[in-house]
Amino acid sequence: MNDFVFHSPTEFIFGRGVEVQAGERIARCGGRRVLIVCGGGSARRSGLLDRVVKALDDAGLAHALLEGVRPNPTDDKVREGIRLGRAEGTDWLLAVGGGSVIDTAKAVAAGIRYAGDFWDFFDGSATVTEALPIGVVLTIPAAGSEGSGNSVITKTATCQKLSLRTPYVLRPKFALLNPELTLTLPAWQTACGITDMLAHIMERYFTNTPATVVTDHVSEGLMQAIVEEARRVTLNPQDYDARANLMWAGTLAHNGLCGTGCEEDWASHFMEHEVSAFYDVSHGAGLAVIFPAWLQWMAVHHATKVAQWAERVWGVSPAATPQATAEEGVRRFRAFLASIGMPLTLRELGIEHPDINRLADSLHRNKGEFVGNYVRLTRKDTEEIYRLAQ
C-alpha cells in the first residue's frame, strides 16, 4: 500500500427535505450573496428551485441565478457565471443539480477570484489557490462531484474536455442529499449515473499497487451494492431505499475513499472524454461503451486484477487461466449494463462511423504519450481499445 492523505471535509446532510437547510447553512458559514447554479429547467419545474430560493430568502441572503447548464458543461456557461458573479458581488456558490451543474459552479468559484482566464486551471498553466465556497443540493447521483474537488469542462472552440483536480480548494463545504429528488429521474439518467459510479470505483480499483486489501474490499463492496440496488431500482423506480443507497454510493465512489493507498488509472475516463467532447454523448453512456472495451483489452494484456474483480464482484468461478476468468467477468459486466438500458458499442451510442484517428490524436495531445497506469497505454493501444468499442 502507498502512503496517502485522505481529505474529505464536506459535510453531508442526508435525508428527506434537507434542501430547505441551504440558506441557514450558508448564513452560518458567513455567506451573504449567493449565486445559484442550475440546469435546464427540471429544478424549476419540480418546485425544487422555489424551495431553495425560499430557504435563502428566509435566511436573509441575496441571490442571483445562473440557469441553463447543460450535460457535458461548456466554458461559455462558466464565463457567463464568472461575469454574473462578479457583477453581483457573489461570495458563495450554490449548485442545485448533478455533476454538470456542480462542476460548472466549481469552475465559476475558481474563476471569480482569478485575474486570468479560468481555462488556465484546466490546461495546467495555472493552479487554483483560492476560490469562493460552494454548497450543493444534489439531484442526480452519478458524478460524485458533491464530495470531490474535481471539475470537468469542455472548451467548445477546441473540443477539449479536460478535468481539473483540486484535493482541497474546490471541495464543497456541504452537500444536501435528499433521495426523494431522484424518484422521478428517467431510467436513462438513472442508468448513466449507475455506470458513472461503477466507473469511478474501477478507475481506482484497477491498480498495480500491492497490499491494498482494505481498499480493495471497500471498493468491491460498493460495486456489489451498486449492482444490487441498480436491479432493485430498475424493477421499482419509486423504491426510496434503493434510491437512497445509490445516492450515497455515488458520493463514496468519488470522494477519494476508494483510491486510498493506490496508484489510480483513469484511462477509460480520459478516452470517454474524447468521445463525449466530439460526439456530445452522455458521459455515463460513453463509459458503458469504453470501459468494457478497456477491460476486454486488459483481459488479454494484464488480467490479474480484472480476474480478481470478476471473481469478487461478479461471482465468476476461477477458470483455467486469469484471462478466461477476466473475460467472463467482462461478459457479465456487459450483460448488467445491457439490463439497465446502457449501450455497449459506439454504434449503439449513435456513432456510426467514429473517427478513431481523431479521437486518439486528441487524447494523446491532451494527455501525453502514455495514458493510464494499470497499463501505460500508447497511441497504438488506445486505438485498439477504441476499435474494440465499435
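The model is a predicted one, and 24 salt bridges are counted in it.

**Helix H1**
- In helix H1, which spans residues 22-28, Glu 24 and Arg 28 stand four residues apart, so that about one helical turn separates them.
- The side chains of Glu 24 and Arg 28 meet in a salt bridge, with an N to O distance of 3.5 Å.
- Arg 28 counts as exposed, at 56% relative accessibility, whereas Glu 24 is partly exposed, with a relative accessible area of 42%.

**Helix H3**
- Lys 54 and Asp 58 both belong to helix H3, which covers residues 48-58, and a spacing of four residues places them about one helical turn apart.
- A salt bridge joins the side chains of Lys 54 and Asp 58, the N to O distance being 2.8 Å.
- Asp 58 is exposed, and its relative accessible area is 58%.

- Glu 328 and Arg 332 form a salt bridge in which the closest N and O atoms are 2.9 Å apart.
- Both residues of this pair, Glu 328 and Arg 332, lie in helix H13 (residues 322-339), where they are four residues apart, or about one turn of the helix.
- Glu 328 is partly exposed at 23% relative accessibility, and Arg 332 is also partly exposed, with a relative accessible area of 33%.

How values were computed:
Residues numbered from 1 in each chain as written. Predicted model: local features only at pLDDT ≥ 70, side-chain atom pairs only at ≥ 80, totals over all residues. Heavy atoms only, no water. Salt bridge = Lys/Arg side-chain N within 4 Å of Asp/Glu carboxyl O. Helix = DSSP H or I, 4+ residues; strand = E, 2+ residues; numbered from the N terminus. Buried < 20%, exposed > 50% of the residue type's maximum accessible area, 1.4 Å probe, protein only.
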